[in-house]
Amino acid sequence: MRVAAVDDDLTQLDLTKCTLKAMNHHCHTFTEGAALMNELRRESFDLLLLDWELPDISGPDIVRWVRSNVKENIPILFVTNRRGERNVVEGLGVGADDFMSKPVGVAELAARIQALLRRAYVAPRAKEESWGRYRFIPAAARLEVDGEVVQLTQREYDLALFLFRNMGRLISRRHMLESVWKTNNPGGTELMSRSLDTHVSRVRTLLALRPENGYRLSAVYGQGYRFEAVHDPMTDAGAL
């Protein structure tokens, strides 16, 4: 998963980053709220960890901005020096999903992060995952469409499964590169960017991800890609 953490306490940021790395998640750190908000205008994340008191903007104000400006309902965890029922109620009231008071223990932080991610994102099933005609068997890296095996490279399979698991979300290019290509290159090289576009095009073609087949995989200028299910006009007409 891809996580963003903002805190002006560098020691806490380092602890958070190490905790997430141990959990096999990518962590992007910020020391000012404005920097995070600017990043959210063009990047996507699976979870946000926020301090309450920052040099430029308060944590609650960031939450309000996120809930008003980011379409996806990203889970948000406060990690703050604030404590007491009044602060917890205020933090949850503005739209955060959980609240921790510093100092935080690594085990509790990891447990709360895992709980938020588990609630927000459906855990993959062990044997297979299916979406209509599309059946993924992760253990064998195999994809079947209408019962027929589709020949894919490992990268194409990983990308296809990532898209289906994130259906409906706007996913940034860097998010896709980190999750599928396992690269932490901040901007992504031009070669990596072209490789991403080529693989997306091939997956779209090989899996026939077109509106007439019930799905749309589209590029969003300056941000990334959105894969979504669409209504089939023929199916809708037949239901009348």
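## Exercises on strands, sheets and a helix

Strand β11 (residues 215-220) and strand β12 (residues 224-229) are paired antiparallel through six bridges. This is a predicted model, in which local features need pLDDT of at least 70 and side-chain atom pairs count only at pLDDT 80 or more, while totals for chains, interfaces and linings use all residues. Residues are numbered from 1 along each chain as its sequence is written, and side-chain values use heavy atoms, with hydrogens and water left out.

**Exercise 1. Work out the strand order of the parallel sheet and say which strands stand at its edges.**

Solution. Strands of a sheet pair through backbone hydrogen bonds, either parallel or antiparallel. Here, five strands with parallel pairing make an open sheet, and their order is β2-β1-β3-β4-β5. The edges belong to β2 and β5 (98-101); each has a single partner strand, so one side of each lacks a neighbour in the sheet. On average, neighbouring strands are turned by 20 degrees against each other, direction ignored. Now step inside the sheet: β3 and β4 run parallel and are joined by three bridges, and Leu50 is opposite Phe78 in β4. Helix α3 (residues 59-69) lies across β3 and β4, and runs at about 170 degrees to β4. For such angles, axes are lines fitted to C-alpha atoms, for helices over the stretch in contact, and the values run from 0 to 180 degrees between N-to-C directions.

**Exercise 2. Decide how well β4 is covered, then describe Ala4.**

Solution. First, the cut-offs: buried means under 20% relative accessible area, exposed over 50%, and partly exposed in between (1.4 Å probe, protein chains only). In β4, five of its five residues are buried. Ile76, Phe78 and Thr80 point one way from the strand, Leu77 and Val79 the other way, and all are buried. Turn now to Ala4, which sits in strand β1. Ala4 counts as buried because its relative accessibility is 0%. Contact means heavy atoms within 4.5 Å. Setting aside neighbours within four places in sequence, the contacts of Ala4 include His28, Phe30, Leu36 and Phe45.

**Exercise 3. Describe helix α1 and identify its buried face.**

Solution. Start with its span: α1 (residues 10-22) has 13 residues and reaches 18 Å from its first C-alpha to its last, close to the 18 Å expected at 1.5 Å a residue. That expected span is 1.5 Å times one less than the number of residues. Next, list the buried residues of α1: Gln12, Leu13, Thr16, Thr19 and Leu20. Seen down the axis of α1, these residues fall within an arc of 130 degrees, so they line one face of the helix; the arc is that of the directions from the helix axis to the C-beta atoms. On the other side of α1, Leu10, Thr11, Lys21 and Ala22 are exposed.

What covers the buried residues? Among the elements that do are β1 (2-6), β2 (26-30), β3 (47-50), β4 (76-80) and α5 (106-120). Thr19, for one, has 6% relative accessibility and so counts as buried. Not counting residues up to four places away in sequence, Thr19 touches Val106, Leu109 and Ala110. At the start of α1, a side-chain oxygen of Asp9 comes to within 3.0 Å of the backbone nitrogen of Thr11. After α1 comes Asn24, with a positive phi near 65 degrees.

**Exercise 4. Describe the antiparallel sheet that contains β6 and the helix that lies across it.**

Solution. Four strands form this open sheet, in the order β6-β7-β8-β9, with antiparallel pairing. Its edge strands are β6 (129-131) and β9 (148-150); each has a single partner strand, so one side of each is left without a neighbour in the sheet. From one strand to the next, the twist averages 25 degrees. Strand β8 (residues 142-145) is joined to β9 by three bridges, and Val145 has Glu148 in β9 as its bridge partner. Lastly, helix α6 (residues 154-165) lies across β6, β7 (134-137) and β8, at about 120 degrees to β7.

Terms used:
Pairing = 2+ DSSP bridges. Helix = DSSP H or I, 4+ residues; strand = E, 2+ residues; numbered from the N terminus. Polar contact = N/O pair within 3.5 Å; in protein donor to acceptor, adjacent residues only side chain to side chain.
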